[in-house]
2 protein chains.
Amino acid sequence: MAFFPTSLENLIDKFASLPGVGKKSAQRLAFHMLSLSNQEAEAFADAITYAKHSVRFCRVCQNFTEDEICGICASDRRDHSVICVVSEPRDVLSIERGHEYNGTYHVLHGALSPMLHIGPEDIKIKELLTRVAEGDVEEVIMATNPDTEGEATALYLSRLLKPFHIKVSRLAYGIPVGSNLEFADDATLNRALEGRTEM
Amino acid sequence: MAFFPTSLENLIDKFASLPGVGKKSAQRLAFHMLSLSNQEAEAFADAITYAKHSVRFCRVCQNFTEDEICGICASDRRDHSVICVVSEPRDVLSIERGHEYNGTYHVLHGALSPMLHIGPEDIKIKELLTRVAEGDVEEVIMATNPDTEGEATALYLSRLLKPFHIKVSRLAYGIPVGSNLEFADDATLNRALEGRTEM
């Protein structure tokens with residue numbers, strides 16, 4: 001016998017399926033949802049549907065956008081000859097917070113990981129090569145996370161980019177090894193950007 | 001300049017409005033939502049809408065149900081002369097897990113708290129008095145949390161119930177003082193149920 005109504009159990013299961021949300025937290029979230037007004041709950045559901053329908057990948061850099069090309073890629077105040085390669089959209093936010101970098105980005109949406117069976121076809125590598133092959137790129141900065149997967153991805157990409165004879169650099173180890181780009185402070189990220197080394 | 005599309009920022013804000021979810025977690029949850037298939041995201045949104053529309057309070061015990069009267073209140077295998085008063089629907093689940101209690105419940109949906117401005121009108125006390133006034137109740141077991149608010153609520157209710165000349169009891173202190181009913185193990189809850197004392 002289940003002690004919560006089916007629709008409530010279902011909602012709890014949905015929350016429990018989210019990353020980092022356990023059974024107890026899922027219960028709390030579901031109960032909270034029921035405690036909202038009909039309007040508020042509807043707005044929550046709509047926010048999911050709406051974001052899911054309107055957010056897509058920028059045709060150029062693969063970052064999240066509601067347009068065909070994102071604000072950074074469309075801007076003529078950015079240096080389009082430099083591409084900073086990151087694993088996740090949140091990493092773009094981290095670097096932008098530093099107000100120092102003025103180039104463009106490329107979001108891989110993941111990193112190579114034999115353990116998790118993530119190969120080169122599973123992340124946005126092909127799209128990066130297309131951009132570089134088109135010509136005007138002078139430097140690619142690898143800003144993947146300084147962990148095993150991020151390092152492996154940077155190394156793999158630097159080899160792929162060799163034939164193009166462009167500068168390929170890596171964020172300097174101002175960022176603490178083994179941690180996550182997302183949690184680095186602005187000063188550290190700026191230091192890492194300044195001290196980047198050629199690969 | 002916001003670096004995420006508006007609809008994504010909106011979704012992040014929605015997640016961040018949930019209890020216990022910070023800005024970073026909200027970002028992760030929103031990104032996860034975008035990584036789902038359209039169908040999965042739709043199912044999530046629907047689960048919220050559906051639960052919100054179909055779940056209501058049992059007319060008798062105020063627990064969550066999709067029907068007018070919940071399964072426990074409608075069952076003729078339960079002892080309807082005993083009411084176990086709890087603060088939250090999840091506490092019903094905790095006690096049911098012990099497989100020892102065979103009476104009915106009453107869910108207050110909160111506890112008295114002058115600090116949080118929660119008074120007697122804000123929780124389901126009136127509904128409990130109506131049930132007791134109707135007659136057939138012989139015992140009311142106070143199973144509110146063993147913290148300040150729960151104790152105050154139990155004491156307040158026991159005074160209100162005095163005029164009805166029925167047995168009013170309190171869960172024994174098998175449950176660790178200052179903690180939360182939700183986290184008690186089954187054996188402890190059974191012990192507390194057996195050793196309940198008259199108020």
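**Exercises on a predicted two-chain model**

In chain B, strand β5 (residues 139-142) and strand β6 (residues 167-170) run parallel and are joined by 4 bridges, where strands are DSSP runs of E of at least two residues, helices are runs of H or I of at least four, both numbered from the N terminus, and pairing needs at least two bridges found by DSSP. The model is predicted, so local features need pLDDT of at least 70 and side-chain atom pairs pLDDT 80 or more, while totals for chains, interfaces and linings use all residues. Residues are numbered from 1 along each chain as its sequence is written, chains are lettered from A and ligands numbered from 1 in the order in which they are written, and side-chain values use heavy atoms, without hydrogens and water.

**Exercise 1.** Determine how chain A is related to chain B.

*Solution.* Begin with the superposition, by least squares on the C-alpha atoms of residues with pLDDT of at least 70 in both copies: a rotation of 179 degrees with 0.0 Å of shift along its axis places chain A on chain B, with RMSD 0.1 Å. The copies are therefore related as by a two-fold rotation axis. In chain A, the C-alpha nearest this axis belongs to Ala45(A), at 2.2 Å.

**Exercise 2.** Classify the ring pair of Phe44(A) and Phe15(B).

*Solution.* Rings of Phe, Tyr and Trp (its six-membered ring) pair with centres within 6.5 Å, and planes under 30 degrees apart are stacked, over 60 edge-to-face, the rest tilted. Here the centres are 5.3 Å apart and the planes stand at 90 degrees, so the pair is edge-to-face. Phe44(A) lies in helix α3 (residues 38-54) of chain A and Phe15(B) in helix α1 (residues 6-16) of chain B, so the pair joins two chains.
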